[in-house]
Amino acid sequence: MLLRQLEYLVALARERHFARAAEACHVSQPSLSAAIRKLERELGVPIVHRGRRFAGLTPEGERVLLWAHRILAERDALRHDLSTMRANLTGVLRIGAIPTALTATPLLTAPFCERHPHVRISVESLSSREIRERLAEFELDIAMTYVDDGEIENLRVTPLYEERYLLLTPNDGKYADRAQVRWTEAAALPLCLLTQRMRNRRLLDEIFAAAGVTPVPAIETDTVAALYAHVATHQWSSVISHAWLHMFGTPEGMRVVRLEDPHRAPRIGLVTADHDPEPILVRALLDLARGLDLRGELDRVLRRHLDA
């Protein structure tokens, strides 16, 4: 039995006319009639006296109508109760994030905690594979990861921003005074990059390959923090995501230069398991995320560093 079928029955009893009831429910008359017949089959009793027009409810139908009102009222009360809870949420929200998106998580968690101060948040750095597995096992509530490949099948996606790539290079570097650098030029520099185990590096390798080159970095690391620590020595350059500037900025004696736009910019977004009902803490974070302009905030950070 579907709540929608009960809503149709209540509308029919109120309007006492199939066409008007269907119009009130924003469905076609055949759809409403079919739903009422299905409800009769499921309950095993006749509900409507049928003739050339609506002729009222059977005694069984009147009893079903009473229960329909009660069930729909309970539904509305549940919605109200949850709405009230949302204003004073409690519990733990478990967030997973790929390492290269971790720097952007405070743009979500800080305003979320301001809005819901009684909620505690756990943020873990995880690979995209670990994110999929732990969402499936209900060990994570929500995650921030790349959302443009087949690895996110059977997950619900809320896009947040597109990664923009920059060359982070010493002030006296070969291309430091350029407005934009080609991928072929960046590949020839002494580079420090993330390891190929990380999705960000594999995406960069695809972009380099599309330009006809293969980078051979002098240093590889599996954390953004270690990458920054190496380039801060001014011995190497790197290709970074603009989202990293939010946390790490531009090291002293370094500058960022735009890299030519790839054919398609990878997107970062929030993913959740595709099941209902959606946990209330997840819904609260998604509602907040849709009201924020993460793309605009990160672009403003990027412009400040390019203009510096």
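I count Lys and Arg as positive and Asp and Glu as negative, leaving out His and the chain ends. I place each charge at NZ of Lys, CZ of Arg, CG of Asp or CD of Glu.

**Ground rules.** I am working with a predicted model, where local features need pLDDT of at least 70, side-chain atom pairs count only at pLDDT 80 or more, and totals for chains, interfaces and linings use all residues. Residues are numbered from 1 along each chain as its sequence is written, and side-chain values use heavy atoms, without hydrogens and water.

**Charges.** I looked up 40 positive and 41 negative side chains in the chain. The centres of the two sets are 7 Å apart.

**Overall form.** I find twelve helices and 13 strands in the chain. These are DSSP runs numbered from the N terminus: helices are H or I with at least four residues, strands E with at least two. The radius of gyration is 28 Å, well over the 19 Å from the globule rule for 308 residues, so the chain is more spread out than a compact globule. I take that radius over C-alpha atoms; the rule is 2.2 Å times the number of residues to the power 0.38. The C-alpha trace spans about 90 × 45 × 35 Å along its principal axes.

**Surface and contacts.** Of the 308 residues, 45% are buried. Buried means under 20% relative accessible area, exposed over 50%, partly exposed in between (1.4 Å probe, protein chains only). I then checked contacts (heavy atoms within 4.5 Å). Among those between residues at least 6 apart in sequence, 72% join residues at least 24 apart.

**A sheet.** I traced an open sheet of four strands, in the order β8-β12-β7-β11, with mixed pairing. Its edge strands are β8 (180–181) and β11 (238–241), each pairing on one side only. Two strands pair if DSSP finds at least two bridges between them. β8 and β12 (residues 254–259) run parallel, joined by two bridges. V181 stands opposite L259 in β12.

**S127.** I found S127 in the loop between β4 (119–125) and α6 (128–136). Is S127 buried, partly exposed or exposed? Its relative accessibility is 28%, so S127 counts as partly exposed. I98 is 29 residues away along the chain, yet the two C-alpha atoms are separated by 5.4 Å.

**E7.** I placed E7 in helix α1 (residues 3–15). Which residues does E7 contact, leaving aside its neighbours within four places in sequence? They are C25, L72 and R75. I also looked at R50, 43 residues from E7 in sequence. E7 and R50 are 19 Å apart, C-alpha to C-alpha.
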